[in-house]
Structure formats: structure tokens, C-alpha cells
Amino acid sequence: MANQLQGELIDANREYEQIIAVWDSYPKQKNLFPYRYLRSLSNFLGSCHMLDRWEQFPVVLDQMALISPSSERLELEIFKSLHYNRLLFWMSKGKWEEARKNVPETARLYAKFEDRLPSSRRLGFCYNLSILFFFLESFNESLAWVNQVINQQKTGQRSDIQLAARVMQMVIHYELGNFDLLPFLGRSLYRLLNQRELKGQFENLVLRFLVDPRAGELFDHPERITPLLTSLEEIKAANPGNIHPGLSELVCWLRSRVKGIPMTVVLENRLAE
């Protein structure tokens with residue numbers, strides 16, 4: 001944990017993996033202390049996520065799934081870790097059908113435990129489900145989940161996701177043809193960006209693009225999209241390893257519209273690189 005807090009991610013990942021090895025050496029202890037065991041698995045996956053080490057996920061997710069929910073509290077903890085990390089893995093590896101098939105169960109458990117989830121995890125679930133449907137171009141479903149992010153009770157947790165959700169809400173309304181809503185949503189987002197002194201961030205570039213009076217015609221002219229795409233790709237390249245919620249999603253969206261291919265194909269091409 002100390003190494004992770006100090007930014008020593010590789011050392012932290014190695015230590016978490018060693019802790020899992022200790023658990024594997026004493027299998028009976030897993031049943032005696034399921035909460036501690038689950039926390040160890042979660043910490044390891046969190047460090048793998050930070051390092052983009054997705055190859056570790058399948059085995060650890062299977063280990064999580066083997067933990068028997070002997071109480072509702074343990075069922076909640078398993079849900080927080082297993083369903084959240086499994087969704088991240090499926091989306092990162094382009095396993096769209098697996099992710100889509102699991103949505104009803106995830107949504108059922110989310111509704112069951114919503115009031116008992118930390119605000120950061122509630123925001124994470126809703127945002128990730130919104131992005132899943134966004135990539136699948138199921139925009140009505142995506143809008144329903146992103147609205148849940150925006151309508152959450154105000155919290156200081158995951159302000160990055162809350163901001164990204166407002167940008168994605170505008171993009172989704174754009175895709176749904178709700179152009180009359182864009183100026184209103186744009187003014188609200190502009191005020192938020194000013195309050196946070198984010199005048200030079202990528203969100204402003206996208207905002208100016210979406211509130212353009214010609215918004216409904218822009219995708220009929222790919223040459224009008226290319227400058228924005230280039231700018232966002234430059235911002236992304238200048239910040240390797242830094243996770244900016246919304247940025248990768250927007251780059252994928254614009255690439256798909258410039259090339260005239262589904263977003264899932266854009267993502268598959270990226271994985272193949």
C-alpha cells in the first residue's frame with residue numbers, strides 16, 4: 001500500500017501478487033477470512049489496472065467468483081469487486097457481448113446495493129455502464145446511465161467522472177439528434193468549467209464543437225471533425241499514463257465518425273496495434 005501511495009506502482013503490484021501467493025499457500029484461511037482475502041484480490045487487480053496488466057485479470061476474477069457469499073454484507077463486497085473489475089476487463093479487451101450479457105445481473109445487484117455503495121463506486125458503475133452502451137452505440141441506454149452519474153447527490157468523490165459525464169451527455173444527445181438541447185447543456189457545462197478553472201482542457205474543445213450552430217451537419221463533412229480529433233489525440237499523447245475520463249472515449253467516437261466505422265471496430269483496431 002505504501003509503495004502505491006508513493007507512486008511506486010510496479011513495486012506495489014509485485015507486493016500485492018506476493019500476498020496472493022501467501023493466500024494460495026494456506027487455502028483454508030481463505031474461507032476463514034473471506035473479507036481479507038477479497039480485499040487482497042481487489043488490491044492486486046487495482047494495481048494491475050493502473051499498470052495496464054490485463055493478463056492477470058481472468059485468474060483473479062475467477063478466484064473472486066469462488067468466494068461464497070455467506071452473508072449479504074459479503075455479497076455486497078463481492079459485487080463491488082467482482083462485477084466492477086469484470087466489466088473493466090471485458091471493456092478493455094473488447095469482449096462486448098460478454099459485457100452486454102452481464103448487464104442485467106449487474107444492474108439488479110446495483111439496484112439492490114446502491115444505497116450501501118460508496119459514492120465513488122456508484123459513480124464508477126454508472127459511468128462505466130454508460131460507456132459500455134456508448135461504444136455499442138446503444139445511445140438511449142447510455143444516456144440513462146450517464147444521467148444517473150449527473151443526478152447523483154453532490155459529492156467531492158470522483159469529480160473527474162462527474163465532469164466527463166456532462167461532456168458525454170452532450171455527445172449522446174448529439175448522436176440522438178437532440179440538437180435543441182445542446183446550447184442549454186453547453187451553457188451549464190461552460191459554467192462548471194469556469195468554476196473549476198479548466199479553460200484550457202479538452203472539454204472546452206469538445207464543448208465549442210458541439211454548440212456550433214452547424215452541429216447537425218458536422219458529420220456530413222469529415223474535414224470539419226479532423227481538427228478536433230487531431231487536437232484531442234495530441235492532448236492524449238502528451239499525457240501518457242494519465243487517465244482522463246472521457247478523453248479516450250471522445251477520440252474513439254471521432255475516429256469512428258471520420259472513418260465511417262463502428263466504435264467497437266475502432267477499439268478492436270487499437271487492441272490489434
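**Reading helices, core and voids**

Tutor: Leaving aside neighbours within four places in sequence, Asn128 is in contact with Tyr84, Leu87, Leu88 and Met91. Keep in mind that this is a predicted model.

Student: Where is Asn128 found?

Tutor: Asn128 is found in helix α8.

Student: Does Asn128 count as buried or exposed?

Tutor: Buried means under 20% relative accessible area. Asn128 has 11% relative accessibility, so it counts as buried.

Student: Now the core. Which residues touch the most other members of the largest nonpolar core?

Tutor: A nonpolar core is a set of buried residues joined through side-chain atoms within 4.5 Å. Here the largest one has 87 residues. Leu132, Phe134, Phe135, Leu232, Leu250 and Trp253 touch the most other members. Helix α6, residues 72–92, gives the most to this core, with 11 residues.

Student: Take Leu132. What does it touch, not counting residues up to four places away in sequence?

Tutor: Leu132 touches Leu87, Met91, Trp96, Ala99, Arg100 and Val103. Leu87 and Met91 are also among the contacts of Asn128.

Student: How do I read a helix by its buried residues? Which ones are buried in α15?

Tutor: Met263, Thr264, Val266 and Leu267 are buried in α15. Seen down the helix axis, the buried residues of α15 fall within an arc of 155°, so they line one face of the helix.

Student: What do the buried residues of α15 pack against?

Tutor: They pack against α7 (96–113), α8 (119–135), α9 and α14.

Student: On to empty space. How is it found?

Tutor: Rolling a probe the size of a water molecule over the atoms shows where empty space is left. In a cavity the probe fits but cannot get out, whereas a pocket is open.

Student: How many cavities of 30 Å³ or more does the structure hold?

Tutor: The structure holds one. About 60 Å³ of space lies in the largest cavity.

Student: Which residues line the largest cavity?

Tutor: The lining is made of Lys236, Ser248, Val251, Cys252, Arg255, Val266, Leu267 and Arg270. Two elements give two or more residues to it: α14 (247–259) and α15 (263–272). The largest share, four residues, comes from α14. Val266 and Leu267 are also among the buried residues of α15.

Student: What is the lining of the largest cavity by class?

Tutor: There are four nonpolar, one polar and three charged residues.

Student: Last, the backbone. What is phi of Asp52?

Tutor: Phi of Asp52 is near 65°, a positive value in a residue other than glycine. Asp52 lies in the loop between α4 (34–50) and α5 (57–65). At 54% relative accessibility, Asp52 counts as exposed, since the cut-off for exposed is over 50%.

Student: Where is the place of Glu137?

Tutor: Glu137 is in the loop between α8 and α9. Phi of Glu137 is near 60°, again a positive value in a residue other than glycine. At 29% relative accessibility, Glu137 counts as partly exposed.

Terms used: Residues are numbered from 1 along each chain as its sequence is written. This is a predicted model: local features need pLDDT of at least 70, side-chain atom pairs count only at pLDDT 80 or more; totals for chains, interfaces and linings use all residues. Side-chain values use heavy atoms; hydrogens and water are left out. On a 1 Å grid over the protein atoms alone, a cavity is a set of points where a 1.4 Å probe fits but cannot get out, and a pocket is an open set with protein on both sides within 12 Å along at least five of seven lines; lining residues have an atom within 4 Å of a point. Grid points are joined across faces, edges and corners, and a volume is the space filled by probe spheres set on the points. Ala, Val, Leu, Ile, Met, Phe, Trp, Tyr, Cys and Pro count as nonpolar, Asp, Glu, Lys and Arg as charged, and the others, Gly among them, as polar. Buried means under 20% relative accessible area, exposed over 50%, partly exposed in between (1.4 Å probe, protein chains only). Contact means heavy atoms within 4.5 Å. The arc is that of the directions from the helix axis to the C-beta atoms.
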